[in-house]
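Hi,

Here's the structure I promised to pass on. Have a look at it first, and then read on for what turned up.

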Amino acid sequence: MGTRIKIMDLEVDILSEETLREEVAGYLSLDVLNIIHLVSLDYIDTYEANDLVQDALIESDMVLPGEKAILSTYHVDVLETGGMVVDYRSAGRIADRELLEGKKCYLVMKDQKEARVVYRYLISHYPFLEIVGLYVAGKEVSQEALINDINTKLPDLILISMEDIQAEEWVHSNKLKINAKLCVVLSSVMNLIIRENIHVPKFIKKLRLGSIYACIARIPYSNFWRRRIFRKKMDNYNNKKLLEKADVNEELSDEKQGQ
């Protein structure tokens, strides 16, 4: 069994890889669309500022941590050692051949770069998963045509990433029209996925500089820097809550004096 924790105002599901696998297996056996969101640090500000995103996450079946940094106050290393889902990689480990063989996947990506990275990642790590369709946002294709194409291909799984909160809007608006079993929203972790699965050009490999190239490319999204960003966000959040509490106390004091 899992539990739900609050990271600032964002509620996230914490569960073991074994439990997640059981849940996903259950979702893939149903004839109704289930929705999982993978969230990162970038999601925290978006969640607070946007009512639609809040509704989308509340209505979803599961909200999982997409990166370790957002669990910095919850002993993430202990959680990981205990087999808990702490980022997109540990969530992906549950997708073995037994779970996904014979299953069909449809990709909805923000741009060509994302499409290439995700496609390469899938065929490298999950060769037993059949990719039946790929849509890149910005193409001259109507939303109705996209939904029709998805429903024609009958995918079991949809992986979606769009600009800003467009993926949340699209899923929120069209979830009753989509003939699939599981939709995983990756928008907020896509930059991490791209950085951690960087494509090293051939000429860099020939110079034997591949590891250095990849290391430099990952620095902005390293867990060390992301934890520092999280601490800053947490400090700002705590200060904001203290000010809000002080304002409430001041209002109550003024009301008592006015009685």
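Before the helices, a quick word on how their angles work: an axis is a line fitted to C-alpha atoms, for helices over the stretch in contact, and the angle between two axes runs from 0 to 180 degrees between N-to-C directions. Also keep in mind that this is a predicted model.

With that in hand, take helix H2 (residues 41-49) and helix H3 (residues 51-59): their axes come within 5 Å and cross at roughly 110°. Angles of 65 to 115 degrees count as roughly perpendicular, so that is the label for H2 against H3. Which residues make the contact? On the H2 side you'll find Tyr43, Thr46, Tyr47, Glu48 and Ala49, and they meet Asp51, Val53, Gln54 and Leu57 of H3. By type, the residues of this contact split into five nonpolar, two polar and two charged.

Next, the interior. In soluble globular proteins, nonpolar side chains tend to be buried together. Here the largest nonpolar core has 38 residues, and Leu20 and Leu159 touch the most other members. Helix H7 (residues 112-125) supplies the largest share of this core, with five residues. There is also a second, separate core of 26 residues, with Ile7, Val12, Val39 and Leu41 among them.

Back to Leu159 for a moment. If you skip the neighbours within four places in sequence, Leu159 is in contact with Cys105, Tyr106, Leu107, Val108 and Met109, and also with Leu122, Val184 and Leu186.

Is glutamate 17 buried or exposed? Its relative accessibility is 18%, and since buried means under 20%, glutamate 17 counts as buried. You'll find this residue in helix H1 (residues 17-27). Not counting residues up to four places away in sequence, glutamate 17 touches Gly83, Met84, Val85, Ser90, Arg93 and Ile94.

- Leucine 154 is not a glycine, yet has a positive phi of about 50°. Leucine 154 sits in the loop between helix H8 (143-153) and strand S7 (157-160), and with a relative accessible area of 43% it is partly exposed.
- Aspartate 164, another residue other than glycine, has a positive phi near 50°. The loop between S7 and helix H9 (166-174) holds aspartate 164. At a relative accessible area of 61%, aspartate 164 is exposed, because the exposed class is for values over 50%.

Happy browsing!

Terms used:
Residues numbered from 1 in each chain as written. Predicted model: local features only at pLDDT ≥ 70, side-chain atom pairs only at ≥ 80, totals over all residues. Heavy atoms only, no water. Helix = DSSP H or I, 4+ residues; strand = E, 2+ residues; numbered from the N terminus. Buried < 20%, exposed > 50% of the residue type's maximum accessible area, 1.4 Å probe, protein only. Contact = heavy atoms within 4.5 Å. Core = buried A, V, L, I, M, F, W, Y, C linked by side-chain atoms within 4.5 Å. Parallel < 35°, antiparallel > 145°, perpendicular 65-115°, else oblique. Nonpolar A, V, L, I, M, F, W, Y, C, P; charged D, E, K, R; others polar.
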